[in-house]
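Thanks for coming. Please look at the screen.

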Amino acid sequence: MNVESRIQSSPYDAAALRRDFPILAREVHGKKLVYLDNAASAQKPNYVLDAMNTFATSEYANVHRGVHYLSGAATERYEEARVRVQKFLNAGHSDEIIFTRGGTEAMNLVSYAYLAPLIQPGDEIVLTVMEHHSNIVPWHFLRERQGAVLKWVEVSDLGELDPADVAKAIGPKTKLVAISHMSNVLGTKTALGEVVRLAHAKGVPVLADGCQGAVHGVVDVQALDVDFYALTGHKLYGPTGIGVLYAKRKHLKGMRPFLGGGEMIREVTKENVTYADAPMRFEAGTPAIIEAVGLAAALDYIDGVGRERIEAHEQSLARMAAKRLKELNGVRIIGEARDKGPIISFEAIGIHAHDLATILDREGVAVRGGHHCAQPLMERFNVSGTARASFALYNTPAEVDALIAAVQEARKVFG
Amino acid sequence: MDQGLRELYQEIILDHSRHPRHFGALADASHVAEGFNPLCGDKVKIYLRVDANDRIKDVSFEGRGCAISVASASLMTEMLKGRSVAEAEELMGGFLLLVKGEDAQTLDEDDRERLEVMAGVSAFPMRVKCATLAWHAMKAALDGQVKARTE
């Protein structure tokens, strides 16, 4: 695919984009695949797979080690990928970009390397009830091990978060605000810039879980002034096994190493060890080199299509789907924030989310059913689980039709 | 409708899920255990009253879950009453074979016929754990454990 041509292809042509994703042509259970589980993981375009294959078959070696030609070439590609991510997030410096195994590892890295050394018993971490478990459990670790206190900020019935409520939860003992940029269940886009402003006014840094937020819109970490931003590659049409932690330089300096091993050291003797500077300090062992190259290609692909254009396309599909779901009898949408991404959680009254997902699956429609790794949020809305349809750059209005028809089919099964 | 779905969501399954039998706590239970499926968050609690001769005199369940897990629990409670502990475990063994699509030769004709409604789940590998949750909880209760989980 020619990335440039996508920029010029106008109007938005989802059908053409679909051809970049071979898996979308397949059938499941004899029906056309309608893939609406993008919030769990997005499919991969040939552009990404080819980039990884080309790299692995022509320039691959370990990075930051050998003096031989391929080691140098591979190191260049790997470091170019870091710069590519820096540009994608508009970070000030490439050394603020740490490659991780995914979003989960990125948030655990903040917990272990940044926050744990600062926590005294009774210190507080502010988070919201709509966090994914990956932005909850690392803080529970600090509660269990060091006596940290978790302060939960509620969301409204629409699933909206009032930044003022976050500010209210911040006290003299608050050491971090950990907040989703976009809820993986409700789709709610949080007013991250405003949260950061309020938190900084009280001298508290902010970590944003950008695993969804980075997929559905432009992220500018400098404009947001956010201290830490976590994202994962596989939801960005990139490979699994690669994610990113953006961390401001001023925090990186004081952060202790997480994993110890090769590549993260300056010098090792029998008596002592000194560490490399960031980002290497936090990338012990051989990193996911091919995957980093794949992630960079995915970001090229996304920007080739155009982030604003993708966002507008996804928004129009999601609005259409939400409207039509609400028109169905006995369907309730959970999460109706005014500012939300293309993620729709819903329940069909009287049908458990897993039964609904099973029936939809038989119609070829892949949605997630369950608690979405957000059990506190399920409790907040008093549901055991929801079905979730989430849209990507390659989905089409016909797929919204298929979703609606499949939900109607489920209604028939359950009478 | 898809044939597999028709077999999975038979009328009798839907009936059990809408009107579960023996639903609620058992005040004088001798054995209690909770089954938990961490994948979906579904929970089922099984209560058994077992007499001195190892016979199940009463059984009930409570909890929340999908149609498959609730129907399976409900059906199980209908079938356990009056059986010995050994017979209950044998029934479970046959049931586990059945939902995996294997030949449940250990089941007698009557039991097989009654459990046959759950056999449709064998075509849905992702859902087999929903069907077995209550049974694992029952086994855990009889074994004196308090928790069972499917993972």
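Which domains does the domain assignment of chain A give? Domain 1 covers 3-32 + 306-414, and domain 2 covers 50-303. Those bounds come from an automatic or database domain assignment.

A word on the source. This is a predicted model, in which local features need pLDDT of at least 70 and side-chain atom pairs count only at pLDDT 80 or more, while totals for chains, interfaces and linings use all residues. Residues are numbered from 1 along each chain as its sequence is written, and chains are lettered from A and ligands numbered from 1 in the order in which they are written.

Back to the two domains of chain A. Taken over C-alpha atoms, their centres are 28 Å apart. In the contact between them, 25 residues of domain 1 meet 26 residues of domain 2; two residues are in contact if their C-beta atoms, placed from the backbone, lie within 7 Å. On the domain 1 side, helix 12 (307-327) of chain A gives the largest share, five residues. Helices (H or I, at least four residues) and strands (E, at least two) are DSSP runs, numbered from the N terminus. By class, that side has 11 nonpolar, five polar and nine charged residues. Here Ala, Val, Leu, Ile, Met, Phe, Trp, Tyr, Cys and Pro count as nonpolar, Asp, Glu, Lys and Arg as charged, and the others, Gly among them, as polar.

Next, the contact between chains. It takes 14 residues from chain A and 17 residues from chain B. Helix 13 of chain A gives the most to the chain A side, with five residues. That side has four nonpolar, eight polar and two charged residues.

Now the sheet. In chain A, seven strands form an open sheet in the order 4-10-9-8-7-5-6, with mixed pairing; two strands pair if DSSP finds at least two bridges between them. Strand 4 (97-100) and strand 6 (149-153) of chain A are at the edges with a single partner strand each, so one side of each has no neighbour in the sheet. On average, neighbouring strands are turned by 20° against each other, direction ignored. Axes are lines fitted to C-alpha atoms, for helices over the stretch in contact, and angles run from 0 to 180 degrees between N-to-C directions.

Within this sheet, strands 7 and 8 of chain A run parallel, joined by four bridges. Val177(A) stands opposite Val206(A) in strand 8 of chain A.
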